[in-house]
Amino acid sequence: MEIEVVEGDITAQQVDVVVNAANRAMRGGGGVDGAIHRAGGPAVLDDCRRRFPEGLATGDAGWTTAGEMPAQWVIHVVGPNHRAGETDRAQLTSCYRRALEVADELGARSIAFPLVSAGVYGWPREDAVDAAIETLRSTPTSVELARIVAFGRASYDLVAQRL
Ligand code: ADP
């Protein structure tokens, strides 16, 4: 699988799947989550309610429609909330691995990831980048392209350097 980085807004990516850094309730939130629900429209939340009545566990992934976004699906993952004391790195790498597993179930060929847990959830940025790259490189998958979407120049430079 090819891994690349772009700077930009994940909601605008022309890929099969965009990944959402969601929370356990899966009913929307701030950051990437807010942007995805705004861009996708109400179909995304409807699908979250229908498909995930109990939400999702930390480290897990599940798909919904992407609504009005160019992508076909959203794969929602729940990163650990480092700020709240969830510091188990295996839960962060699990988000990337589970997202690729769900993407394979969907037959997706291209997927765009934000830096899960690196925003409000406060995971140290360099380690969030390394966890993403390591896991994308080591997970067997039929997905052909994984694009890390960096929000801002500083994140872009960091990911590009680590790649
Ligand atoms: P978390 O709660 O998992 O930390 P956040 O959404 O707060 O999730 O942040 C995750 C990362 O996504 C941060 O690096 C943040 O800067 C970035 N981000 C925020 N909005 C967007 C967006 N529209 N597209 C891509 N990345 C974004």
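Let's start with Ser 94, which sits in helix H3, the stretch covering residues 89-106. Please keep in mind that this is a predicted model.

**Ser 94 in its surroundings**
- Ser 94 has a relative accessibility of 11%, so it counts as buried, the cut-off being under 20%.
- Once neighbours within four places in sequence are set aside, Ser 94 is in contact with Gly 59 and Ala 99.

**Two loop residues with positive phi**
- Most residues other than glycine have a negative phi.
- Met 26 has a positive phi, near 60 degrees, and is not a glycine.
- You will find Met 26 in the loop that links strand E2 (17-22) and helix H1 (31-40); Met 26 is buried, with a relative accessible area of 2%.
- Ser 117 also has a positive phi, about 70 degrees, without being a glycine.
- The loop between strand E5 (110-113) and helix H4 (125-138) holds Ser 117, and this residue is buried at a relative accessible area of 5%.

**The largest pocket**
- The largest pocket holds about 570 Å³ of space.
- Its lining is made of 26 residues, and those closest to the centre are Ala 21, Gly 31, Val 32, Leu 115 and Gly 119.
- E2, H1 and strand E6 (145-150) are the elements that give two or more residues to this lining.
- H1 gives the most, with four residues.
- By type, the lining has 14 nonpolar, nine polar and three charged residues.

Technical notes: Residues numbered from 1 in each chain as written. Predicted model: local features only at pLDDT ≥ 70, side-chain atom pairs only at ≥ 80, totals over all residues. Heavy atoms only, no water. Buried < 20%, exposed > 50% of the residue type's maximum accessible area, 1.4 Å probe, protein only. Contact = heavy atoms within 4.5 Å. 1 Å grid on protein atoms, 1.4 Å probe; cavity = no way out; pocket = protein on both sides within 12 Å on 5 of 7 lines; lining within 4 Å. Points joined across faces, edges and corners; volume = space filled by probe spheres on them. Nonpolar A, V, L, I, M, F, W, Y, C, P; charged D, E, K, R; others polar.
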